[in-house]
Amino acid sequence: MKTTTATSAVNGSSEPFTHAPPAASTEASQLTPADRTNLLHFMLLMRATEERALSLYRQGKVPGSFYDGRGQEAVSVGSAFALGPRDRACILHRDLGAHLIRGVEPGRVLAQMMGRAGGITGGREGNMHFGDHRLGCVGMVSMLPDMMPVACGLALAFQMRGEPRVAMTWCGEGSTANGQWHEAMNVAGVRRLPVVFVLENNQFAYSTPNDLEFAVDPVERAGAYGFAGVKVDGNDVEAVFAASAEACERARSGGGPTLIECETMRMHGHGAHDDMRYVPRELFEHWAARDPIDRYEARLREGGVDVDAMRAAVKKELDEATDWALAQDMPDPATATEGVFADSEPVLGDGRAPWSRWEEATHA
Amino acid sequence: MPEATYLQAISDGLREEMRHDETVFCLGEDIGAFGGAFKVTDGFIEEFGTQRVWDTPLAEAAIIGTAVGAAVEGLRPVCEMQFADFIACGFDQLVNVAAKMHYRQGLAVPMTVRLPSGGGFSGGPFHSQNPEAWFLQAPGLKVVAPSTPADAKGLLAAAIQDPNPVVYLEHKHLYRRAKGEVPEGRYEIPLGKARLAREGADLTVIAYGAMVPLALEATDDLEGARIEVLDLRSLVPLDRDAVLASVRKTSKVVVRHEATRSCGVGAEVAALIAEEAFEDLDGPVVRVSAPDVPIPFSPPLERAVLPQVDDVKEACRELLAY
């Protein structure tokens, strides 16, 4: 057990932490066979859920537009897999895998997208604009990267209370051009906050390519703000996991923030209305040959994993989830003006943390 | 009861809350070693340390956004914008993230944003604004604007303990000019309750913040007319009952604020009265406010823009004669 002995800023206690996590291995080889199966499972579940949601969209059952993270499954799954139950997450719209890992059921995601009362926000929000606070998630807003400062605030609370916990948030490379991104990076660096920024460089901010977005690779900016930055193959789920586990461990042990740039590709348009005509065919094909699920599936099949059975189980789960979601009522219009103000203070709950090392901690 | 200035009352109120509740902390620019641009947090860093009195980088969006995150995680941040004007730089976090948080996902954001506001000292266009109306269009924010030292302390305590984001406007003109008796110890004045600053029968002046003492001064001796002065104290929630009750009593209303005219608090109050108390009126609802211009720097220009005591007197005389 690794313990840290910083004192609590809030109560002045010098007691060492009593809920320290296990020493995180930064070696992906520390993943057990069950962990590896889980990584593939959540990537399959993310893709299947989004495919089902797109189908519902095309049937006219999803109002507004539709946004997904096709091709980026390894980023959200690999990173969120490194989180512990008491860590907190501000998840982006192309990171359904992170929600699924934390414990959100696919049926509630589909109901959310269809604006049903049974969705995570009860119809107040659509798309991926949600965070189940009972699972330790704070939902994103459309302005990017607004959750970067918010994640800094979560991390600040952990730091002030002397808790070895981590706040993780995701951002696209497009948002690195926005001032709030830089304000958050600076604050994180100055305060050495226990925060992990997962930067998904999916090559385009809507239609704008990298070379029109920045003159310096975003990962280089981490050093300029005084903390660690690493770049990984965002289509290699174990590489993303390893970098994330190391970053979480760094944060927990007082080593400050990390920026992880995950090189990946958005394989669908910005939204379902976007035909991606601006994406060169060669570039698309380059990334299509590096599909994160295909790659990991081939590897696990070599190791004897029955991927066909996994796929069948995911399909069955989605069939049931779809039936459940379609059976949910639309929200009552009479409730539209309710809940603008809080009259109580629900606390953020803990999320599911399926990484086996966290299971050990939970049951220790 | 001891007497204190408005500034001292805010400072005392904040200190009381930090002593009372260990989850309360302050963040802002130059609030620590320097004690704040107006010295509200003077001595705080010595008592509470650098963790709870955080001298932030010059980054308003990060101040507000970090406070949002800390608030949903169970702390009660109190942000200081060095001047109310600078909230524009953190506006997005306040109106899009903080304000909508509970409606969208059921999470409380118990944070307070202190805004030293108002003009009258040649601060120019960026150190003089009264931006309260910006927040009336952002459902989910509460907005308070105390006018007396006692209210400043009690409303600050209530703002900090409220489960919602609260914008707390403290008028710079009152800081060292407004003096009054302030109860010792901590106490809360509930948000959304107006205060009758003076009872009257012939006409009501509705005001808040620095305009309350000026309204009292302007109507203290107005040819014997009995002028009621209603101090709104909270702009969100607005004490509709108190407004309507006063209208029904006096039948004539002047709404006074230092902020610009269009779509301001005066417009909202006038519309409320028109909708709910039209039959009780004996004259038009009159607004006395700044015109729709930025606040200029040079004293004669600034005086021409900001509502003066004589402007209120004239408006009241005309309405009394209506």
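This note sets out points on a predicted model of a complex with chains A and B.

1. Confidence in the complex. The predictor assigns an ipTM of 0.96 and a pTM of 0.94 to the complex. For chain B the mean pLDDT is 97, and 100% of its residues reach 70 or more. For chain A the mean pLDDT is 91, with 90% of its residues at 70 or more.

2. Over residues 1-25 of chain A, pLDDT stays under 50. Where pLDDT is low, predicted coordinates should not be read in detail.

3. The interface between the chains. Chain A contributes 41 residues that are in contact with 33 residues of chain B. On the side of chain A that touches chain B, two elements give two or more residues: α5 (147-161) and α6 (179-191) of chain A. The largest share of that side of chain A comes from α5(A), which provides nine residues. Sorted by class, the side of chain A that touches chain B has 23 nonpolar, 11 polar and seven charged residues.

4. The crossing in which α5(A) passes α6(A) is left-handed. From α5(A), the residues A:Met148, A:Pro149, A:Cys152, A:Leu156 and A:Gln159 take part. They meet A:Gln180, A:Trp181, A:Glu183, A:Ala184, A:Val187, A:Ala188 and A:Arg191 of α6(A). The contact of α5(A) with α6(A) has eight nonpolar, two polar and two charged residues.

5. Helices α1 and α4 of chain A. Helix α1 (residues 33-58) and helix α4 (residues 106-113) of chain A have axes that come within 10 Å and cross at roughly 30 degrees. The two helices, α1(A) and α4(A), are therefore roughly parallel to each other. Here α1(A) passes α4(A) in a right-handed crossing. On the α1(A) side the contact is made by A:Leu45, A:Thr49, A:Arg52, A:Ala53 and A:Leu56, and on the α4(A) side by A:Pro106, A:Val109, A:Leu110 and A:Met113. Seven nonpolar residues, one polar and one charged make up the contact of α1(A) with α4(A).

6. Helices α2 and α9 of chain A. Helix α2 (residues 73-80) and helix α9 (residues 237-252) of chain A pack at an angle of about 35 degrees, and their axes are 7 Å apart. The crossing of α2(A) and α9(A) is right-handed. In α2(A), the residues A:Ala74, A:Val75, A:Val77, A:Gly78 and A:Ser79 meet A:Val237, A:Glu238, A:Val240, A:Phe241 and A:Ser244 in α9(A). By class, six nonpolar, three polar and one charged residues form the contact of α2(A) with α9(A).

7. The domains of chain B. Chain B is divided into domain 1 (3-181) and domain 2 (195-320). The C-alpha centres of domain 1 and domain 2 of chain B lie 26 Å apart. Their contact takes 26 residues from domain 1 of chain B and 24 residues from domain 2 of chain B. On the side of domain 1 of chain B that touches domain 2, at least two residues each are supplied by α6 (132-136), β6 (142-144), α7 (149-161) and β7 (166-171) of chain B. That side of domain 1 of chain B has 12 nonpolar, 11 polar and three charged residues.

8. Backbone details. Most peptide bonds are trans, and most residues other than glycine have a negative phi. In chain A, a cis peptide bond joins A:Leu144 and A:Pro145, with omega about 5 degrees. A:Pro145 is in the loop between α4 and α5 of chain A. In chain B, a cis peptide bond joins B:Val236 and B:Pro237, with omega about -5 degrees. B:Pro237 is placed in the loop between β12 (234-236) and α9 (240-250) of chain B. A:Gln203, a residue other than glycine, has a positive phi near 80 degrees. The loop between β3 (195-201) and β4 (204-205) of chain A holds A:Gln203.

Note on methods. Residues numbered from 1 in each chain as written. Chains lettered and ligands numbered in written order. Predicted model: local features only at pLDDT ≥ 70, side-chain atom pairs only at ≥ 80, totals over all residues. Axes fitted to C-alpha atoms, helices over the stretch in contact; angles between N-to-C directions. Helix = DSSP H or I, 4+ residues; strand = E, 2+ residues; numbered from the N terminus. Parallel < 35°, antiparallel > 145°, perpendicular 65-115°, else oblique. Left-handed = near helix turned anticlockwise from the far one by under 90°. Contact = placed C-beta atoms within 7 Å. Nonpolar A, V, L, I, M, F, W, Y, C, P; charged D, E, K, R; others polar. pLDDT = per-residue confidence, 0-100. Domains from an automatic or database assignment.
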